[in-house]
Amino acid sequence: MADQIGLAIVRGDFKPGDALPPEVQLCEMLGVSRTAMREAVRALAAKGLIDSRPKRGTLVRGAEHWNHLDPDILRWTVEVTDTETYLKKLFQLRRATEPEAAALAAIAATEVDQERMTKAYQAMVDAGADNEKWVEADLAFHKSIYLATHNEFFWPIGQMFGVALRQMFAFLAQGSHRPRAVIEHGDLLRAIIERKPAMARAAALTLLGNATHDVDKISQTDFSGGV
């Protein structure tokens with residue numbers, strides 16, 4: 001129920017300020033019990049999509065109130081947003097956060113963090129022409145950078161990329177950039193392991209800049225807009 005209603009809200013079927021149909025009507029429409037519907041409403045309220053209060057009904061909230069790092073909201077957004085807009089916004093977020101996360105990881109990473117990054121990097125090398133294995137390893141590598149910051153405010157960004165970046169990385173897997181990408185990821189890994197934050201920041205910027213160019217080339221769309 002939460003999935004159906006949440007997707008409808010993110011898609012724009014219900015506008016900010018709109019009232020959802022009464023509970024009884026929703027139960028009849030979706031063929032569920034009132035108990036199940038109430039659980040769905042609580043879940044959507046926790047994500048910031050709706051505000052439910054006695055005598056006022058259940059109102060849809062504006063997108064500025066949504067928890068956009070929530071995995072379900074990310075998934076719904078992927079389903080309803082055009083690819084070009086979605087990828088452009090993700091590149092803006094990565095350029096704003098990933099170079100600094102890499103610099104922090106170079107300072108704070110433990111041996112366990114370094115081993116996790118090294119394992120993910122080796123999986124990228126070993127993936128060869130297997131797109132699925134490449135994407136999974138690439139996601140694991142970048143997620144490990146955010147975790148290695150040991151800053152809990154960076155962790156949710158790293159976690160969200162497991163959902164949000166999958167489409168981007170699958171898109172990039174169509175290109176012929178892997179040999180260069182392997183080198184760039186290796187440079188970033190070495191900078192973090194050698195505890196050189198300035199070098200790690202620069203390596204991340206290089207990697208992101210070339211990834212932007214790759215997407216431009218594959219899609220013929222300019223994703224180089226400012227942060």
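**Contacts, helix packing and salt bridges in the predicted model**

D18 touches T58, L59 and V60, leaving aside residues up to four places away in sequence; contact here means heavy atoms within 4.5 Å. The structure is a predicted model, in which local features need pLDDT of at least 70 and side-chain atom pairs count only at pLDDT 80 or more, while totals for chains, interfaces and linings use all residues. Residues are numbered from 1 along each chain as its sequence is written, and side-chain values use heavy atoms, with hydrogens and water left out.

D18 itself sits in the loop between α1 (2-11) and α2 (23-30). Helices (H or I, at least four residues) and strands (E, at least two) are DSSP runs, numbered from the N terminus. Along the chain, D18 and L59 are 41 residues apart, yet a distance of 5.5 Å separates their C-alpha atoms. With a relative accessible area of 29%, D18 is partly exposed, a class that falls between buried (under 20% relative accessible area) and exposed (over 50%), computed with a 1.4 Å probe on protein chains only.

Turning to helix packing, α5 (residues 83-108) and α9 (residues 178-193) meet at an angle of about 40 degrees, and their axes are 7 Å apart. Axes are lines fitted to C-alpha atoms, for helices over the stretch in contact, with angles running from 0 to 180 degrees between N-to-C directions. The two helices, α5 and α9, are therefore oblique to each other, given that angles under 35 degrees count as roughly parallel, over 145 as roughly antiparallel, 65 to 115 as roughly perpendicular and the rest as oblique. A102, A105 and A106 of α5 make the contact with L188, A191 and I192 of α9.

The structure also holds 16 salt bridges, each a side-chain nitrogen of Lys or Arg within 4 Å of a carboxyl oxygen of Asp or Glu. One of them links D113 and R116, whose closest N and O atoms are 3.0 Å apart. Both residues belong to helix α6 (residues 111-127), where D113 and R116 are 3 residues apart, about one turn of the helix. D113 is buried at 4% relative accessible area, whereas R116 is partly exposed at 36%.

D51 pairs with R53, the closest N and O atoms lying 3.2 Å apart; D51 is partly exposed at 21% relative accessibility, and R53 is partly exposed at 48%. In the salt bridge between E194 and K196, the corresponding separation is 3.1 Å. Finally, salt bridges with shared partners join D3, K47, D70, D72, R75 and E79 into one network.
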